[in-house]
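Here are my notes on the model, point by point. Please read them with the structure open.

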Amino acid sequence: MSTQAHTPDELLGVGEMSRRTGVAVSALHYYERLGLIASHRTDGNQRRYPRHMLRRVALISVAKRLGIPLDDVKEAFADVPLTDTPSHEDWQRASRRWKRTLEQRRLGIERLEKELTGCIGCGCLSMKACGLLNPDDQLGDTGSGARRIPV
Ligand code: FES
């Protein structure tokens with residue numbers, strides 16, 4: 001992992017961060033509460049973000065577009081201190097990780113699609129026979145008869 005240092009005088013107000021990233025001020029505050037970004041406080045208690053936080057917010061925006069949970073974003077960059085900019089290598093590592101996540105999701109959706117195809121035109125909604133109601137026949141060992149599925 002390589003990181004880049006930044007001078008402390010490169011600071012942006014929260015409105016400027018919002019304008020430049022397209023992310024709402026409230027979302028920036030939320031990201032900060034989660035520890036995904038960090039700011040300094042002025043004497044007047046106003047937030048000032050180091051310029052390199054723009055990159056962090058961009059990474060979060062990409063992850064959100066991919067449907068990656070914010071917890072996963074935090075984990076993916078856990079070893080990059082908030083004082084540093086995630087490097088090209090950091091981004092490559094995170095993007096590989098998120099690609100694997102998307103592949104797993106795609107496989108899950110394909111599996112559901114196959115099960116749904118078996119239901120089209122059927123309509124039995126059988127707790128025993130329907131793969132969507134009883135994935136992998138989880139109820140098969142618990143006896144016969146109808147069962148409720150917890151929702
Ligand atoms: S509805 Fe009959 S198998 Fe799913």
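1. Ser126 sits in the segment after α5. This is a predicted model, so read the contact here as a computed one. A polar atom of the Ser126 side chain lies 3.1 Å from the backbone nitrogen of Lys128. Is Ser126 buried or partly exposed? Its relative accessibility is 21%, so Ser126 counts as partly exposed. The cut-off matters here, because buried means under 20%.

2. Leu133 is also in the segment after α5. Its relative accessible area is 25%, and Leu133 is therefore partly exposed. How far apart are Leu133 and Glu115 in space? The C-alpha to C-alpha distance is 9.8 Å, for two residues 18 apart in sequence.

3. Now the aromatic residues. How many aromatic pairs does a search of the whole structure find? The search gives 2. One of them joins Phe77 and Trp98, edge-to-face, with 6.2 Å centre to centre and 75 degrees between the planes. Phe77 belongs to the loop between α4 and α5, while Trp98 belongs to helix α5, so this pair ties together parts that are 21 residues apart in sequence. Phe77 and Trp98 are both buried.

4. Trp98 also pairs with Trp91. That pair is edge-to-face too, at 6.0 Å centre to centre and 70 degrees between the planes. Trp98 counts as buried because its relative accessibility is 0%. Trp91 has 25% relative accessibility, so Trp91 counts as partly exposed. Phe77, Trp91 and Trp98 together make one aromatic cluster.

5. Next, helix α3. It covers residues 53–66, 14 residues in all. From first C-alpha to last, α3 reaches 20 Å, close to the 20 Å expected at 1.5 Å a residue. Just after α3 comes Gly67, with a positive phi of about 80 degrees.

6. Which residues of α3 are buried? They are Met53, Leu54, Arg56, Val57, Leu59, Ile60 and Ala63. Note that Arg56 is in this list. When reading the list, keep the helix repeat in mind. An α-helix has 3.6 residues a turn, so residues three or four places apart point the same way.

7. What covers the buried residues of α3? The cover includes the strands β1 (11–13) and β3 (47–50). It also includes the helices α1 (14–21), α2 (25–33), α4 (70–76) and α5 (88–119).

Key. Residues are numbered from 1 along each chain as its sequence is written. Side-chain values use heavy atoms; hydrogens and water are left out. Helices (H or I, at least four residues) and strands (E, at least two) are DSSP runs, numbered from the N terminus. The expected span of a helix is 1.5 Å times one less than its number of residues. Buried means under 20% relative accessible area, exposed over 50%, partly exposed in between (1.4 Å probe, protein chains only). Contact means heavy atoms within 4.5 Å. Rings of Phe, Tyr and Trp (its six-membered ring) pair if their centres lie within 6.5 Å; planes under 30 degrees apart count as stacked, over 60 as edge-to-face and the rest as tilted. A polar contact is a pair of N or O atoms within 3.5 Å; within protein, one must be able to donate a hydrogen and the other to accept it, and residues adjacent in sequence count only if both atoms are side-chain atoms.
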